[in-house]
Amino acid sequence: MSPQSAYRYMEPSALARVKNLQLVARGVVEGFVSGLHASPYKGFSVEFAEHREYVPGDDPRHLDYRMFARSERLYVKQYEEETNMRVQILLDTSGSMNYRYDAKITKLEYGCYLTAILAYLMTRQQDSVGLTAFDDEIRLDMPARSSPRHFNEMMRQLESLQPGKTTGLANVLHKLANRFKKRCLIVLISDLYDDVDKVIRALHHFRHRKHEVILFHVFDKAELDFPFDDLVLFQDLETDEKIQVDPLYVREEYLKLVSEFVAEYRRACLESAIDYVMTDTSVPYDFMLSRYLTKRNQL
């Protein structure tokens with residue numbers, strides 16, 4: 001599959017830097033055993049899902065010769081229980097994700113770039129990937145598929161995403177944990193601005209349902225450093241509430257609270273065998289992802 005540079009969130013230079021990396025499941029997910037694209041299902045007697053282009057190594061018994069007669073191109077029939085990994089990317093589009101101080105991009109845009117590069121990697125290694133975008137409700141819900149057409153539609157949907165308003169992270173995660181019946185790899189991209197205990201319980205819900213979870217915790221660098229000196233007026237991007245603050249009097253307490261916020265998520269993820277990756281929009285997303293995948297695949 002060749003990347004479509006016409007898409008906003010597809011940067012060929014970034015794709016070139018990660019193209020040799022892989023993301024594989026560590027545990028067992030539906031139709032996938034960690035490290036191997038080997039199916040526990042015998043035969044192809046399950047429901048037909050879609051076509052994908054033939055690649056060397058595919059079993060010729062599953063070629064669709066009718067498609068070849070019409071298009072003179074080789075396609076393989078894929079089925080719902082086919083061997084490859086199923087990945088669902090959950091992208092937070094709430095108002096707080098639209099924050100940007102002096103960075104080039106917002107947290108939401110950073111999340112969109114990360115979503116695009118992950119979807120590219122998944123589709124390239126013939127895994128199925130889906131996308132769910134949400135604020136306090138689910139705004140986009142694309143089930144996992146592996147075809148180039150599905151990938152292209154995902155890129156088009158990414159470009160049309162707009163930041164929402166209020167956060168409903170914990171509630172939405174519980175809904176999704178109940179919805180995904182087949183075990184899969186869940187990738188959550190969010191700033192996690194919701195009640196910490198409730199979000200952690202929602203993450204536990206995924207683990208209870210035997211899903212594997214990777215959490216990308218995205219900040220703007222200013223949220224971590226608090227680089228303000230003069231009297232400043234802050235506006236809540238979800239409620240529009242405004243408050244005037246003297247940084248001199250709040251900096252120490254603010255930085256302490258942020259540190260505790262991150263530490264609580266990091267601890268909870270470690271205890272639940274969830275991969276926790278903290279990043280900020282000043283860190284190139286492809287560099288961050290390359291570093292993470294290299295470390296993950298060495299464990």
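Author: Gladly; let's begin with the lining of the largest pocket, which by class has 12 nonpolar, three polar and six charged residues. Here Ala, Val, Leu, Ile, Met, Phe, Trp, Tyr, Cys and Pro count as nonpolar, Asp, Glu, Lys and Arg as charged, and the others, Gly among them, as polar. The model is predicted, so local features need pLDDT of at least 70 and side-chain atom pairs count only at pLDDT 80 or more, while totals for chains, interfaces and linings use all residues. Residues are numbered from 1 along each chain as its sequence is written, and side-chain values use heavy atoms, without hydrogens or water.

Reader: Which residues that line the largest pocket are closest to its centre, and which strand gives the largest share of the lining?

Author: Of the 21 lining residues, Phe-234, Gln-235, Asp-236, Ile-243 and Tyr-254 are the closest to the centre. Strand 9 gives the largest share, three residues. Helix 7 (221-225), strand 8 (232-235), strand 9 (242-245) and helix 8 each supply at least two.

Reader: Why are helix 3 and helix 4 called roughly antiparallel?

Author: The axes of helix 3 (residues 107-124) and helix 4 (residues 148-160) come within 11 Å and cross at roughly 180°. Angles under 35 degrees count as roughly parallel, over 145 as roughly antiparallel, 65 to 115 as roughly perpendicular and the rest as oblique. The two helices are therefore roughly antiparallel to each other.

Reader: Which residues of helix 3 and helix 4 meet?

Author: Cys-112, Thr-115, Ala-116, Ala-119, Tyr-120 and Thr-123 in helix 3 meet Phe-151, Met-154, Met-155 and Leu-158 in helix 4, where contact means heavy atoms within 4.5 Å. By class, this contact has eight nonpolar, two polar and no charged residues.

Reader: What makes strand 5 and strand 10 the edge strands?

Author: Six strands form an open sheet with mixed pairing, in the order 5-4-3-6-7-10. Strand 5 (138-145) and strand 10 (275-280) each pair on one side only.

Reader: How do you know that strand 3 and strand 6 pair?

Author: Five bridges join strand 3 (residues 86-92) to strand 6 (residues 185-190), and the two run parallel. Pairing asks for at least two bridges found by DSSP, so this pair qualifies. One example is Leu-90, whose bridge partner in strand 6 is Leu-188.

Reader: What does helix 6 touch on the sheet?

Author: Helix 6 (residues 196-208) touches strand 3, strand 6 and strand 7 (212-219), and its direction makes about 155° with that of strand 7. Helix 8 (residues 247-271) lies across strand 7 and strand 10, at about 155° to strand 10.

Key
Axes fitted to C-alpha atoms, helices over the stretch in contact; angles between N-to-C directions. Helix = DSSP H or I, 4+ residues; strand = E, 2+ residues; numbered from the N terminus. 1 Å grid on protein atoms, 1.4 Å probe; cavity = no way out; pocket = protein on both sides within 12 Å on 5 of 7 lines; lining within 4 Å.
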